[in-house]
Structure formats: structure tokens, C-alpha cells
Amino acid sequence: MTTLSETEALPAELLTFYCPLTPETSPEADQLQHNALAWAQKYDLGAGDDRRTAKYALTAAAWSTNGTPHARGQVAQALCDYNAWAWVANDLVNSGRPTCEIVATFGRWERIIRSPRSWPAAVGLDAALADAFSRLRTHLTPLQWERFVAGQSQWLLAMSWEAAQRETGTRDNVNDYLAQRFSAGGCYSAAAYVDAVENIELDEHQWARPDVRAAAEAAMLTALLDNDRYSLIKDLEKKVRSRNLFDALQHDHPGTSLAEAVVRGVALRDRVMSRYLQLRERILTSASGDLVRYMGGLDLIISGNISFAATAVRYLLPDSAHTVTTTDRPADDGTGALPYPTIAWWWEPFTP
């Protein structure tokens, strides 16, 4: 299992990211940050803690600036404000509150997402969520809205699963961890941003193609496993015990040190990234204009998530000697399917 004494021995691979994709930055970054901070303060996202409120706003602005840099105007701001709220929801899972209380809260929030005016007298986090989604409903097309809402609803459901496992102290093997990480980490909720931020309505037949769905899953899992990497240093230095890929690898391979688990985990992540790039290349050979833009949106989430890691106050550690770098060579250049049933289907011989 991960031990705090190993912090200084973390290998350079931890923050060396294989990513041959070009990141972009939103030209509205400063405005997004300014407005998100005011919005977070209005709804007191930090529950009386001004520094915490600011952290949520600044983290959201950093992710929006890097992960969805093509979003513009009121859509960009509503998404950024929602992101600030979403970091609060994310933290609730690890708050120590009883699972039944968390599930009840998530259930109410799921309804607010689908019907923002469900409780006109809502206050606090309920009111903040209702405000963000009321604005989004105004600016998104019906199809963009439905896809976005479905992604966020699925995320809340999966976080209930994670909360239950935390309460019981369940320790996952790698396959179980990946299965849960997909949804509770926001795989489908993040991919659901793409139609709105790229101003497209991807044709349903293209969106539902197995190779396109596999590519979207591989792209988002790449970003989620990157999150495990840059979260690890923060968690160790702050003496916080978190569920992550490295702990699951140590579970599957008893006697493995944290440093060894990091090397294994980075190699696994790079195989996932490589599969995404293979699927992407295949899809783009005959893609429509909207599908090209959809794949481009996934590209930006992957590359932007790495830039986000290096700038977000949620993860930035001024006293840490670790730095984020990128490389165009994977740690594992294998092309075969990974031995985890929950993702092995990505390597099937798809036909459009």
C-alpha cells in the first residue's frame, strides 16, 4: 500500500506525460476567473471559508481555460461556474458524511440538473446548481442540453457508488478501480461538454458508433489517470489517503513499492492513450466535420487536463520539487489489449 515515507522517492515518470496533442488556452481566461470568483462568493461555495470558496472558483477557471478552451461567452461562464460547484460535490464524497446522507443529496441534485426550477426557494449549493443549469438550458440546444444533463446525472450516480465504497473501506483491484473511476471521476460528464463547447450537434449515429464511444472512453480515462498522478503528490504531502490507480496496482501485485506502482501505472495510462490515438486516427479518415470537431474536443480535454494540473490551485504545491513535463514517447509502446475486462472491448475490430 502507499506509504508516506516514499514521497521523496517518487520516480520522474509520475509527472512525465506522454501527450503528442497540442494544448490551447481560452482567450477569455481572465474574465472567466473574475466572474467565477464572484459567483462562488455569491453562493458561498466554501461554506463560510473564503479561501476554500476562492479555491473552488480558481480551480474551475483553470480547468475551463485549459480543458474547454473553445467555449465562449455566456456558455463558457455558465460551464465554468458549474465546474466550481462540481468540485464542491466531488469533495462531498470524501467528507466523512454517512453514505445515506450523500446519496440523498446527490438524488436531489440530479433532479435539479434535469429540472433546475424544481425548488424555487432553494438556497446554498442547491441554489448555485439551479442557477448554473438554468443559464445553460437557455444557451444550449435541446440536443446539447440532453447530452450534457445525461453525463452529469450519470456522474452523480457513480459518486454514490464511490461514497459507499469509501464508507466500507473497500480496496479495489485494478479492474474494479477502472470500472468505478470511469464514472465517478467524470468520464462521461466531461465528454458530454464537447457538443456544447465545440458548438456542434454530433449526429446520433456517429456519436453512438462503438469505435467513437471507445475512443471517448479511452480519452477520458487517460485524463482521469493523469488526475491520479498529479493528485498523488498532494495527497502524500498533506497526509491524505486517497483511492487511486497505484493503490489498486499494489493490491494486485503484493510487495510492489509505491515507486514501482507508479512506473506500472504510467505504462498502463500510456497504453490507454495510445489506444485512443489509434482509434482517433482510424475515425478521422472518414469523419464528418462535426465528428472531426468532436474528436478535437476530446484532444483538448486530454492536453488541457495536463496544463490544468500545472496551474490549478487545487493541486499546485509551491514547495514541491516535482515539475510537470510532456514527452512524445509512451512509457509502454505495446499495442495489444490491456488485461482488464472493463476496457478490453476497446481493442475489438470495430466496423463503422
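Start by selecting Tyr-82 and Phe-133: both are buried (under 20% relative accessible area, with exposed over 50% and partly exposed in between; 1.4 Å probe, protein chains only). The model is a predicted one, in which local features need pLDDT of at least 70, side-chain atom pairs count only at pLDDT 80 or more, and totals for chains, interfaces and linings use all residues. Residues are numbered from 1 along each chain as its sequence is written, and side-chain values use heavy atoms, with hydrogens and water left out.

Next, show all Phe, Tyr and Trp rings. The whole structure holds 15 aromatic pairs; rings, with the six-membered one taken for Trp, pair if their centres lie within 6.5 Å, and planes under 30 degrees apart count as stacked, over 60 as edge-to-face and the rest as tilted. Tyr-82 and Phe-133 have ring centres 5.0 Å apart and planes at 90°, so they are edge-to-face. Tyr-82 is in helix H3 (residues 73-92) and Phe-133 in helix H5 (residues 124-139), so this pair ties together parts 51 residues apart in sequence. Helices (H or I, at least four residues) and strands (E, at least two) are DSSP runs, numbered from the N terminus.

Phe-148 lies in helix H6 (residues 142-168), 66 residues from Tyr-82. Relative accessibility is 0% for Phe-148 and 1% for Tyr-82.

Now widen the selection to Trp-63, Tyr-82, Trp-85, Phe-106, Trp-109, Phe-133, Trp-145, Phe-148 and Tyr-193, which form one aromatic cluster.

Last, select Arg-229 and Phe-17: Arg-229 lies over the ring face, 4.1 Å from the ring centre. A charge sits over a ring if NZ of Lys or CZ of Arg is within 6 Å of the ring centre and within 35 degrees of the ring normal.
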